[in-house]
Amino acid sequence: MSKKIEIKNIYFDYVGKNKTFGALEDINLDVEEGEFICILGSSGCGKSTLLSILNGLNKPKSGEILIDGKRVVGSGADRAVVFQNYSLFPFLTVKENVMFGAKKSLKRKEFSKEERIRRVNSYIEAVGLLEAVDKYPFELSGGMQQRVAIARALALESDILLLDEPFSAIDPKLRLELQELISELSKKHKKTVVFITHDIDEAILLADRVVVMEPKHIKQTININLPYPRVREELVGKPLFESIHRKLISSFYENIEENIYEEVSL
Ligand SMILES: Nc1ncnc2c1ncn2[C@@H]1O[C@H](COP(=O)(O)OP(=O)(O)O)[C@@H](O)[C@H]1O
Ligand SMILES: [Mg+2]
């Protein structure tokens, strides 16, 4: 396996009028080609900041991101992003939203118009929305909107998928369905994935490796050696699942206790 993403010595500050807030300090992480990484951490520890740097929306104060060995200088169609709040174009139908991804694709010139439409339809079908192709986002539930966002990200045909707590606002049953969907599709399309979550079960179900963050830092990375496909009901109670769960809980909650202590002691 080769390195797809290299995060090297990243520091990032939010600079305000009167004060500067250090959000990330010396973040280092390599992501292998085809690997599914979950970044797990409590609220405010810097997960979205790190993703915004990977996405090229924020520039680090120092350090660099390399993709395929080349330094990232801004956002680009080589990285597709899915956010928590769906961020669909409200004035475009499902099909048009997904077509938008296809039009931005770096590979679009490789395909005829007919082939592009066929591919767009195949992504809409993959997320189970063929019957809703002509609907507008306001006509869809949150879960359906997030399916559109996933189809649009796939239509970009980028090697890399970046997802920032994409299922946090979705109810638990639908959330399980969407987790299975993203796991299956990312494997099928050989994506390299960075998926942010604060949900331990979600991280275990999805990730090859979980990166636990504490404020400003990476605290620990834990390999999840469970075969795919991972079905939650089948895993819960199994010794390996439970031991990974315990490990992540202690790593994760140690952070939160530290945070509470810091807040209390202010
Ligand atoms: N635009 C901003 N200006 C100042 N501070 C910010 C800004 N965005 C985020 N922060 C702070 O940076 C820290 C990390 O934020 P964020 O990356 O959004 O955390 P997470 O995604 O893990 O919840 C938090 O303490 C947050 O308050
Ligand atoms: Mg966040």
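This is a predicted model: local features need pLDDT of at least 70, side-chain atom pairs count only at pLDDT 80 or more; totals for chains, interfaces and linings use all residues.
1. The six-stranded sheet. Six strands make up an open sheet with mixed pairing, and their order is β6-β7-β8-β3-β9-β10. Its edges are formed by β6 and by β10, which spans residues 217–223, and each of these strands pairs on one side only. Direction ignored, neighbouring strands in this sheet are turned against each other by 20° on average.

2. Pairings within that sheet. Strand β3, residues 36–40, runs parallel to strand β9, residues 209–214, and the two are joined by four bridges; within this pairing, I37 has R209 of β9 as its bridge partner. Strand β6 and strand β7, the latter covering residues 160–164, also run parallel and are joined by four bridges, and here V81 is bridged to L162 of β7.

3. The edge strand β6. Is β6, residues 79–82, covered or open on its two faces? Although β6 pairs on one side only, both of its faces are covered, with R79 and V81 buried on one side and A80 and V82 buried on the other. A reader looking at the side chains may wish to note that R79 is among these buried residues.

4. The four-stranded sheet. A further open sheet consists of four strands in the order β2-β1-β4-β5, with antiparallel pairing. The edge positions belong to β2, residues 20–32, and β5, residues 70–71, each of which pairs on one side only. Strand β4, residues 62–67, pairs with β5 in the antiparallel sense over two bridges, and the bridge partner of I67 in β5 is K70. Helix α1, residues 47–54, packs on this sheet, where the helix touches β1 (residues 3–15), β2 and β4, and the direction of α1 makes about 65° with that of β2.

5. Helix α1 and what covers it. After α1 comes G56, which has a positive phi, near 85°.

6. Which residues lie around ligand 1? They are Y14, F21, A23, G41, S43, G44, C45, G46, K47, S48 and T49. Divided by class, the shell holds four nonpolar residues, six polar residues and one charged residue.

7. Helix α4, residues 142–155, packs against helix α5, residues 172–188, at an angle of about 10°, and their axes lie 11 Å apart. Because of that angle, α4 counts as roughly parallel to α5. On the side of α4 the contact is made by G143, Q146, I150 and L154, and on the side of α5 by L174, L178, I182 and L185. By class, the residues of this contact comprise six nonpolar and two polar ones, with no charged residue.

Key: Residues are numbered from 1 along each chain as its sequence is written. Chains are lettered from A and ligands numbered from 1 in the order in which they are written. A residue is buried if 20 or more other C-beta atoms lie within 10 Å of its own, exposed if 12 or fewer, and partly exposed in between; C-beta atoms are placed from the backbone. Two strands pair if DSSP finds at least two bridges between them. Two residues are in contact if their C-beta atoms, placed from the backbone, lie within 7 Å. Axes are lines fitted to C-alpha atoms, for helices over the stretch in contact, and angles run from 0 to 180 degrees between N-to-C directions. A residue is near a molecule or strand if its C-beta atom, placed from the backbone, lies within 6 Å of it. Ala, Val, Leu, Ile, Met, Phe, Trp, Tyr, Cys and Pro count as nonpolar, Asp, Glu, Lys and Arg as charged, and the others, Gly among them, as polar. Angles under 35 degrees count as roughly parallel, over 145 as roughly antiparallel, 65 to 115 as roughly perpendicular and the rest as oblique.
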